[in-house]
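Below are my notes on the model, as numbered points.

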Amino acid sequence: MTIYQPNAETMPREALAKQQLEKLQFTLQRIHEQNPGYVAHLHGLGPAEVKSLADLTRFPFLTKEDLRRAYPFDLACAPQSEFVRMQMSSGTTGTPIICPHTAADVRQWGDIMARCLAAAGVGPADVLQITPSFGLFNGGFGFHYGASALQTMIIPIGAGRSRLQLRFMRELGTTAFAAIASYPLRLIEVAAEEGLDFRRDTNLRVGILGAEIWSDEMRRRIENTMGIESFDIIGMTETAGVGMGIDCPEHDGIHIWEDHYLAELIDPDSDQPIEDGKWGELVVTTLTREALPLVRYRTRDITRVRSREVCRCGRTSMRLDRFACRNDEMLKVKGTNFYPKQVENVLLSHPEVGNDYLIEVDRVAGADRLRLNVETRHVEDPALAGRIDDDIYNLLGFHVEVQLVPIGSLPRNPGKAVRVKDLRVDGTDLPA
Ligand code: ZN
């Protein structure tokens, strides 16, 4: 197993904390020199107010709305002449968020992505098929920069074209692929139609998956069917793109590259820091980004600190749990809060259930109704629907309508999977 930047990745925590403080002060200095508007957002706080890392909690949060309002470059901290590229996150509606990169930012992105690929065991001898798109979405280029640094052979096919994806996997000796976490399900589906057996017909051994919340059951299914080891990679447009962290071969939490990113966990309701082991919202401060440094950025991702001990792989960075959900994905039905991933875990624990499902919530006569549309080869088996309902009842405390539908009948979406349709007006309960 290779560590790409051993000095940084195995740095003793005391030295790491010292470096984080210096880089934080440097970043705040940069903001003060470059952008008075950003300083106003920080209520004038700057490097002078940061004597220790704990002082960071005095700073206000930065939200997605703040970044949208700053479109296109209002919070940028480098002159536009120094920008060399940009990526964009569109979200579901409204104004996009643009992340500009300086040349140093692109090098930083390449470094962290090379670390991630190396952590997944990808090296110069591998053939990496990049299935996220090359465009405004950050996925394609992130993997491209990382693999270039490692001199790994790249197949830059981008999104879609599943039959060509499979053909390349079979004929070009692809050993590793990168994808949005639900895309392997599409590949598995098309492979079944074509009679392709991943274990028999390809050299695949590694899948690097991210950009969506995916359950452990989903992970197990993908690994078993494709004969691969999968790695959960995190990162978003705002933080530079994919590559802020990844789980190593120990699969004991996601390493976050702490010499580039300072991570805090807060209670999303009280906004107060929470102790290790408790679930909360991940808040990120960038320590080395130039064009768009982030100070206390609320990611909306819900996770927890799993460990700050040295990992068996030798890396010293803290490890987070795999993300449970995005804060805004939480559903409230009949007064019960839950995340789609919890329902996915229950559904996929039934071997008769296919890989696709849709959670539909609506309101009938003033009462919430939850319907699970579940693909299966056993549509005529009423006992299956009953077993699923029982399990969901154990999870949520109320009964649901289980609709068994044939494999392939639910809509397939390009890009990220759509798993939830909330047909209620505002997504919450009506007042009693
Ligand atoms: Zn590790």
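1. In this predicted model, the lining of the second largest pocket divides into 12 nonpolar, seven polar and five charged residues. The volume of this pocket is about 460 Å³. Its lining comprises 24 residues, and those closest to the pocket centre are Ser182, Asn413, Pro414, Gly415 and Ala417.

2. Two elements, α8 (183-194) and β18 (353-364), each give two or more residues to the lining of the second largest pocket. Strand β18 gives the most, with three residues.

3. How do helices α5 and α6 cross? The axis of α5 (residues 103-119) comes within 7 Å of the axis of α6 (residues 139-150), and the crossing angle is roughly 75°. Angles of 65 to 115 degrees count as roughly perpendicular, and α5 and α6 are therefore roughly perpendicular to each other.

4. On the α5 side, the contact is made by Val106, Trp109, Gly110, Met113, Ala114, Leu117 and Ala118. Helix α6 contributes Phe141, Gly142, Phe143, Tyr145, Gly146, Ala147, Ala149 and Leu150. By class, the contact of α5 with α6 has 12 nonpolar and three polar residues, with no charged residues.

5. On confidence, the chain has a mean pLDDT of 93, and 97% of its residues reach 70 or more. Residues 427-432 are a stretch where pLDDT stays under 50. For residues 427-432 the model has 10 contacts beyond four places in sequence.

Definitions and conventions
Residues numbered from 1 in each chain as written. Predicted model: local features only at pLDDT ≥ 70, side-chain atom pairs only at ≥ 80, totals over all residues. Heavy atoms only, no water. pLDDT = per-residue confidence, 0-100. Contact = heavy atoms within 4.5 Å. 1 Å grid on protein atoms, 1.4 Å probe; cavity = no way out; pocket = protein on both sides within 12 Å on 5 of 7 lines; lining within 4 Å. Points joined across faces, edges and corners; volume = space filled by probe spheres on them. Helix = DSSP H or I, 4+ residues; strand = E, 2+ residues; numbered from the N terminus. Nonpolar A, V, L, I, M, F, W, Y, C, P; charged D, E, K, R; others polar. Axes fitted to C-alpha atoms, helices over the stretch in contact; angles between N-to-C directions. Parallel < 35°, antiparallel > 145°, perpendicular 65-115°, else oblique.
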